[in-house]
Amino acid sequence: NNKMFNTINCIYNYILLSFTTNLNFIRYVCSKRGDILLKRYVLIFALILLTINAAAKQESTYRSKVLPDLKEKTESSVKADSIMKEVIKNAEKYQHVLSKYEAEIYIKGRTEILKQNFLIRFAHHLFPVDRKNKDMIFEMVSESKFNAPNNFLHNFQAVNGNSIPNNKKQQEALSFLNLNVYSSTIYNEGIITPMTNQASKFYTFDLESVSDTSGLRIYKIRFMPKLWSQKLICGDLYIRDQSWIIDKIDVNGRFDFAEFNLIMTFGRDYRRFILPDKASLYLRYHVLGNAIATSYHSSFKYKAVEWVEEDNETQRKRSLDLTGYYKLSSDTVPIISDTTFWNKKRDIPLTKEEEKLYHVANNTNEQKIDSANITKYLKLTEKFTNTISMDYKTTRLKYSGIFNPFQLGYSGHNGITYRQRLRISKTFDKDRQLRFRPDVGFVFKRKEIFFTVSGDWEYLPEKKGILSLSIGNGNQSYSSAIMKEINEQLKDSTFNFDDLNLEYFKHYYAEIRNNIELFNGFQLWTGVSYHRRIPVKKKSDISNPGEGIEEIINDNYHDFTPVVGFSYTPRQYYWMDGYRKEYLYSYYPTISVEFARAIPGVGKSSGDYGRIEADIHQSIALGLSRKLNYHISGGIYLNPKSIYFADFRYFSRRQFPESWGDEFGGVFNQLRSFWFNASDKYVQGHIMYESPFILSQLFKKKTSKYILSERFYFSQLWTPVLPSYTEVGYGFGNHIFNVAAFAGFDRWKYQNIGLKFAFELF
């Protein structure tokens with residue numbers, strides 16, 4: 001404190017004066033060879049003087065420079081926080097005040113390839129790029145309409161440039177413009193904005209400057225993220241005094257594979273203050289050793305703007321039909337090269353460099369990096385190593401690529417897995433569709449091939465009417481007779497499943513199934529399946545099979561099983577893609593029940609039993625890119641009058657790691673395969689919590705900024721033979737891959753830990 005520093009200064013001055021007055025005495029003392037101790041005291045005394053002197057100088061600097069800066073900084077932060085509280089308060093009501101608008105949007109775009117290698121051939125799968133034109137410029141005019149909550153219709157009226165943008169390029173230009181600046185999240189919850197009520201948790205605010213423009217006082221507020229994450233942005237907000245609305249934004253962030261800078265200015269007309277007048281977007285992609293820079297400039301001319309009334313808002317909340325969430329109409333866009341036309345549409349003229357790009361034709365004599373043979377080779381490898389898509393009229397084909405590395409996966413029990421997928425579809429009138437979708441995969445650790453060949457006839461797309469036929473194979477398992485013998489031996493603590501090597505029967509099946517929606521959210525399905533199980537090993541191959549087991553492992557088993565089930569999701573939101581109905585989301589859980597009955601005497605069928613299962617799951621949005629998913633199911637075999645195989649639909653082993661498109665995580669990743677068939681009844685529960693911020697802040701900054709989301713898993717299982725099995729896990733991922741680790745506990749005793757890895761790219 002001040003009194004302490006004044007005291008130190010007084011003592012320092014007194015000692016310094018004494019030191020100068022008695023200098024001759026000190027020199028005399030130090031000259032004595034025997035007084036080594038005194039010399040040490042003098043040296044220590046001098047060091048103390050130097051330390052006090054340095055402290056006095058630091059105090060002087062602190063008082064004259066640091067304190068005023070800190071005080072000004074603190075006042076700036078406090079004032080910025082108070083301004084942002086008012087802005088966020090207004091944002092709550094401005095999120096949903098816009099009902100509809102119509103506008104003419106002018107867009108000028110430019111894309112330049114700054115750095116490239118042969119991998120640029122794959123870049124168009126990640127983001128829009130024209131490999132043939134290294135410096136592309138174009139202009140577009142769109143007649144756009146918006147209807148709340150998120151219904152966009154962009155109808156392009158004209159286009160021009162040295163290269164005409166494709167559909168992906170048009171979508172890129174518009175996707176960044178379709179945002180509500182007052183929303184707490186933007187881009188499908190991909191980014192958390194400073195407009196959230198929890199802004200102080202994620203951002204710091206500072207008042208940079210105050211200016212007066214056209215009679216308006218504008219506050220420039222700098223916001224910076226407290227955490228390193230792609231979910232957060234940084235930049236400046238320009239806030240109008242008193243009204244506390246946004247006049248301009250200048251933000252920087254990262255989305256998908258691009259670093260972006262977005263600048264938007266908003267109208268000062270009170271009738272459209274929430275809508276942008278002009279927007280500039282700068283994107284920079286760094287992928288696979290390639291660098292691509294893209295810029296867009298847009299201006300808006302509004303023809304009509306309507307605001308939400310209370311009655312209309314209530315009615316909108318009741319509507320479950322969200323048809324037309326986002327549409328892009330650009331099939332027949334006229335190419336207009338008339339200079340007069342574009343001069344009228346532009347709000348700013350072209351630069352000299354842009355004019356030069358317009359008039360200079362593509363250099364067809366440009367020196368090629370690759371020889372003809374290398375080019376042919378690269379085109380060939382692209383077909384083999386990448387997903388192939390082909391469209392011809394109403395027929396579409398998609399193939400995963402025979403050497404596509406992104407079909408690889410890894411899990412602890414199965415090791416490396418590799419899949420191949422083919423999709424062929426033919427569309428008829430009223431969006432009816434015929435689909436053929438075979439899958440094949442190989443599990444390296446177990447040396448097993450799994451396959452499914454499925455076909456669908458979508459005969460009533462508006463009611464989700466689908467008739468399906470599937471043929472494939474499943475887990476190797478064992479029968480209920482073997483299971484009873486094993487359950488007796490489980491009482492012996494020394495018993496080990498591995499001693500028996502219980503993969504006794506291969507499983508093949510064929511199933512025909514019909515699905516139809518009776519009313520919105522309620523689907524009914526009926527089907528018939530035929531199962532054939534044959535022994536994997538002969539009697540002579542099995543050592544010490546156990547008493548009672550040897551006699552029942554050499555027979556083939558067949559089951560003919562009709563099935564009926566339903567699922568219901570209350571208040572299911574949906575949209576219509578033409579005649580096809582697609583479910584979107586619901587704030588309520590989905591309940592499913594299925595009953596199957598084996599009928600003996602059909603063909604070689606001997607099964608005579610019943611199976612019933614029930615399932616409930618839900619995804620609960622917690623806001624700010626967080627969600628909680630739960631999944632609970634149970635099943636039981638009823639009145640078995642014959643040997644059967646415990647093969648539940650909701651409780652089964654997954655051979656191939658699924659991506660995070662698996663919404664509910666309702667699987668056990670570390671549970672050994674034989675436990676899935678070891679009991680005639682089960683109850684399982686799974687919880688998964690997803691958030692951008694769980695443990696990522698413990699990582700290094702360079703690492704954490706590439707993590708988009710993290711997940712925490714908790715799973716619990718009960719069966720008569722395994723009374724308690726628990727699994728916990730943690731995972732993280734981004735647009736390229738997802739990885740998770742899981743630990744299993746048998747009766748709360750640690751068993752094992754494993755890893756799961758899946759590619760998301762392509």
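This section describes the confidence, strand pairing, nonpolar cores and charged contacts of a predicted model.

The mean pLDDT of the protein is 79, and 75% of the residues score at least 70. Over residues 361–378 the pLDDT falls below 50, and this stretch has 9 contacts in the model beyond near neighbours in sequence.

Strand E21 (residues 505–519) takes part in two antiparallel pairings. With strand E20 (residues 465–473) the pairing runs over 8 bridges, and Asn 473 stands opposite Tyr 508 of E21. With strand E22 (residues 522–535), E21 pairs in the antiparallel sense over 14 bridges; here His 531 in E22 is the bridge partner of Tyr 509. E21 and E22 form a hairpin with 2 residues between them, and Gly 521 in the turn adopts a positive phi of about 90°.

The largest nonpolar core contains 71 residues, among which Tyr 182, Ile 239, Ile 246 and Phe 260 touch the most other members. Helix H3 (residues 36–94) gives the most to this core, contributing 7 residues. When residues up to four places away in sequence are not counted, Phe 260 touches residues including Phe 176, Ile 191, Ile 233, Val 251, Phe 255, Leu 281 and Leu 283. The neighbours of Phe 260 also include Asn 252, Gly 253, Arg 254 and Tyr 282. A second, separate core comprises 27 residues, including Ala 646, Phe 651, Leu 717 and Val 721.

Side chains of opposite charge can pair when their charged atoms come close. The model contains 34 salt bridges. In one of them, Arg 110 is joined to Asp 135, with the closest N and O atoms 2.9 Å apart. This pair links distant parts of the chain, since Arg 110 belongs to strand E1 (residues 98–115) and Asp 135 to strand E2 (residues 135–147), at a separation of 25 residues. Both Arg 110 and Asp 135 are buried.

Asp 247 and Arg 268 form a further salt bridge, in which the closest N and O atoms are 2.9 Å apart. Asp 247 is located in strand E9 (residues 246–255) and Arg 268 in the loop between strand E10 (258–266) and strand E11 (276–287), so that distant parts of the chain, 21 residues apart, are linked. The two partners fall into separate accessibility classes: because its relative accessibility of 9% is under 20%, Asp 247 counts as buried, whereas Arg 268, at 39%, counts as partly exposed.

In the salt bridge between Asp 277 and Arg 272, the closest N and O atoms are 2.6 Å apart. Asp 277 is partly exposed, with a relative accessible area of 24%, and Arg 272 is partly exposed at 23%.

Arg 711 is a residue of strand E30 (residues 709–718). With a relative accessible area of 3%, Arg 711 is buried, and its side chain is joined to that of Glu 690 by a polar contact of 2.9 Å.

Ser 319 occupies the loop between helix H6 (310–318) and strand E13 (326–329). Its relative accessible area of 31% makes Ser 319 partly exposed. Ser 319 and Arg 571 are 252 residues apart in sequence, while their C-alpha atoms are 9.3 Å apart in space.

How values were computed. Residues are numbered from 1 along each chain as its sequence is written. This is a predicted model: local features need pLDDT of at least 70, side-chain atom pairs count only at pLDDT 80 or more; totals for chains, interfaces and linings use all residues. Side-chain values use heavy atoms; hydrogens and water are left out. Two strands pair if DSSP finds at least two bridges between them. Helices (H or I, at least four residues) and strands (E, at least two) are DSSP runs, numbered from the N terminus. Buried means under 20% relative accessible area, exposed over 50%, partly exposed in between (1.4 Å probe, protein chains only). A polar contact is a pair of N or O atoms within 3.5 Å; within protein, one must be able to donate a hydrogen and the other to accept it, and residues adjacent in sequence count only if both atoms are side-chain atoms. A nonpolar core is a set of buried Ala, Val, Leu, Ile, Met, Phe, Trp, Tyr and Cys residues joined through side-chain atoms within 4.5 Å. Contact means heavy atoms within 4.5 Å. pLDDT is the predictor's confidence in each residue, from 0 to 100. A salt bridge is a side-chain nitrogen of Lys or Arg within 4 Å of a carboxyl oxygen of Asp or Glu.
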